[in-house]
Amino acid sequence: MNRIDQRFAALKEQGRTALIPYITAGDPAPAHTVGFMHALVEAGADIIELGVPFSDPMADGPVIQKACERALAHGTRLADVFAMVREFRRDDAETPVVLMGYLNPIERFGYQRFADEAAEAGVDGVLAVDMPPEEADEIAPLFKARGLQAIFLVAPTTSRSRAATICDHGEGYLYYVSLKGVTGAATLDVDAVDRQLGGLRELTRLPLCVGFGIRDGATAAAVGRVADGVIVGSALVSRIAEGAEAPEAIPDALKRVLGEMRQALDA
Amino acid sequence: MTKFSDLTRLPDARGHFGPYGGRFVSETLSFALEELEKAYRDLRDDPDFQAEFDRDLATYVGRPSPLYHAERWSSQLGGAQIWLKREDLNHTGAHKVNNTIGQALLAKKSGKPRVIAETGAGQHGVATATVAARLGLTCEVYMGAEDVERQKLNVYRMRLLGANVIPVESGSRTLKDAMNEALRDWVTNVDDTFYIIGTVAGPHPYPMLVRDFNAVVGREAREQSLAQIGRLPDALIACVGGGSNAMGLFYPFVEDEDVAMYGVEAGGDGVETGRHAAPLTANAPRGVLHGNRTYLMSDEAGQITDTHSISAGLDYPGVGPEHALWKDVGRVQYVAANDDKVLEAFRELTRLEGIMPALESAHALAYAKVLAPTLRPDQHIVVNLSGRGDKDILTVAKIDGVDI
């Protein structure tokens, strides 16, 4: 069984909500990333979404755009990201890792080679934000052969028929985008999210995780009441940005932000 | 039925041109694109919509644009006869308005009160601001900060037309970054906003509908060639950034095997220097950006590389997916013209014919200078003079060391 499925099965048994932090690999410099990942796990992360930096992150707001720029200034490449996951796996064989990013770096790397090296490094799932299931024909079988799960987005604008298609193709969990906008955008509407998730539950048994707009313990707890998991990105990445000059203090800052969310979710 | 007939039946149902094109967008935009595709498919065959489009092109844009025989320049080059398709004479000064008229009609039918656009040289931004003014739509135009600087005249034109021009400071501060920012705006405001994309790129259905709205250029050129030359031309030449003016001219000739076609990309300092914007000529690897798969300038890690061109309108790392396919099947030959040759052609046409071309269009002219002498005087080349050069006067003056 894939680590992601195992993790959700365990969480279900415990009646807990998954907490899924996102950080950009290589931000503020590649040497820090693995330490940050362990810190996130210590603070209660159930799954880690590790961002693959891209020069043109069209779905991201300024916070994650700048994180990509910092990572790219150090030349962070997919090969480096795989090395980070391998290093993380030396001390953590259990926490699932999902690579999140854009398709072009994967295209240039080569789909087959990407699937092989990601699986060998210990990656469990892949979410390419600009690859809807309709465009995943070629890569999906390669993922399947290597035990990588293809994770897809569902948005407030997704029609029911599209949602059904996405649910058919999705594995691991569904990433429900809570609002119309880019990452790090305004406030989400929990009631609207709740209604949408209700519709999705009729279509799928995949865990439903919600991202975009989760900033603190209160928003995490509110979303946690209706979702199987909450995903937090910009709130963590801003801490990394603030600490970029003194990166040794960043792990504690990440633990504080994520720890507050963990407590709020488990309360 | 010719060997290229299949090309006119594309894109397929999912927006693919062979291995290119598609709809690579984050999920929030999928619905808006499905909606747009459906609206367009319904209206495309609606005679009332076509009549309204044709009427606007005639009475507002000033179509048909003339096909002009550049006799003096032809005889100086000493080869084929050169004919200029005068898109520079359109209202707003470029072919771009053909597409914005069409998309603005779609926006009006959709009932969305706000339009956004990305622009490089500013021609598409001006054309969008113009139709927005006419239809009373709120208009915001994203433009790379570097382009805002080098195209000041068009920036102020857009402001006079009531548009809000938003300089984009991220990335390389050029056209691709403007498109990133426009996509971010659209994903946020998709309920009330229509995104008027200016070239034959972007996610499906944009490459198809921008092509269809610009194909009026080629349909006219075809008829005019038959009337004025007495037959189809031997060759067509057009510049290619995203490729909308070339697509517009070429598309109605695709099945005419005897008509050679040349798409001229921005060679910048020279394709061999790496400082260019010529993904097709340079055989850039296949990649995905801005919603479609195409030839795309990126480094080995898949990061999009900076482009360089004297003309802001061609300064783009990708190219429309239909051009990518046409390169692969050999229907069009893609070549590059370097900045110095472009300037030379710009000056030559201005002095010999009294027509000042846009620097974008001067790329096509630069290749005409290469091709014409290899042909006989009884052969004919149609060059798409896609835009006029008024907007580039400051750029050229600066190169001349003149402070205006």
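I note that the model is predicted: local features need pLDDT of at least 70, side-chain atom pairs count only at pLDDT 80 or more, and totals for chains, interfaces and linings use all residues. Residues are numbered from 1 along each chain as its sequence is written, while chains are lettered from A and ligands numbered from 1 in the order in which they are written.

**Entry: strand β10 of chain B**

I took helices (H or I, at least four residues) and strands (E, at least two) as DSSP runs numbered from the N terminus. β10(B) covers residues 260–270, and eight of its 11 residues are buried, so the strand is largely enclosed by the rest of the structure. A residue is buried here if 20 or more other C-beta atoms lie within 10 Å of its own, exposed if 12 or fewer, and partly exposed in between, with C-beta atoms placed from the backbone.

I then followed the neighbours of β10(B). Six bridges link it in parallel to β14(B), residues 333–338. Strand β9 (residues 235–239) of chain B is also parallel to β10(B), over five bridges, and there B:Leu236 stands opposite B:Met261. With helix α11 (residues 244–250) of chain B, β9(B) and β10(B) make a right-handed β-α-β unit; right-handed means that, with the strands pointing away from the viewer, the path from the first strand over the helix to the second runs clockwise.

β11(B), residues 275–277, pairs with β10(B) in the antiparallel sense over two bridges. I find B:Ala266 opposite B:Ala277 in this pair. The two strands form a hairpin with four residues between them, and B:Gly274 in the turn has a positive phi of about 85°.

**Entry: the four-stranded sheet of chain B**

I traced an open, antiparallel sheet in the order β1-β2-β13-β12 of chain B. Its edge strands are β1 (16–17) and β12 (286–289), each of which pairs on one side only. Helix α12 (residues 321–328) of chain B packs on this sheet and touches β1, β2 and β13 (291–295); the direction of the helix makes about 30° with that of β13(B). For contact I used C-beta atoms, placed from the backbone, within 7 Å; axes are lines fitted to C-alpha atoms, for helices over the stretch in contact, and angles run from 0 to 180 degrees between N-to-C directions. Two bridges join β1(B) to β2(B), residues 20–24, and B:His16 stands opposite B:Gly21.

**Entry: the contact between chains**

I counted 31 residues from chain B and 33 residues from chain A in the contact. On the side of chain B, β2, α1 (30–44), α8 (175–188) and β12 each supply at least two residues. The largest share, six residues, comes from α8(B).

**Entry: B:Asp147**

I placed B:Asp147 in helix α6 (residues 145–150) of chain B. It counts as buried, with 26 C-beta neighbours inside 10 Å. Beyond neighbours within four places in sequence, B:Asp147 is in contact with B:Gly120, B:Thr174, B:Leu175 and B:Ala312. B:Ala312 is 165 residues away along the chain, yet the two C-alpha atoms are separated by 6.3 Å.

**Entry: backbone geometry**

I recorded a cis peptide bond from B:Leu10 to B:Pro11, with omega near 5°; B:Pro11 lies in the segment before β1 of chain B. The bond from B:His204 to B:Pro205 is also cis, with omega near 15°, and B:Pro205 sits in the loop between β8 (193–195) and α9 (206–214) of chain B.

A:Phe212 has a phi of about 80° and belongs to the loop between β8 (208–211) and α10 (217–224) of chain A. A:Phe212 is buried, with 28 other C-beta atoms within 10 Å. B:Thr92 has a positive phi of about 75°, and its place is the loop between β4 (81–86) and α4 (96–110) of chain B. B:Thr92 is buried as well, with 23 other C-beta atoms within 10 Å.

Technical notes
Pairing = 2+ DSSP bridges. Contact = placed C-beta atoms within 7 Å.
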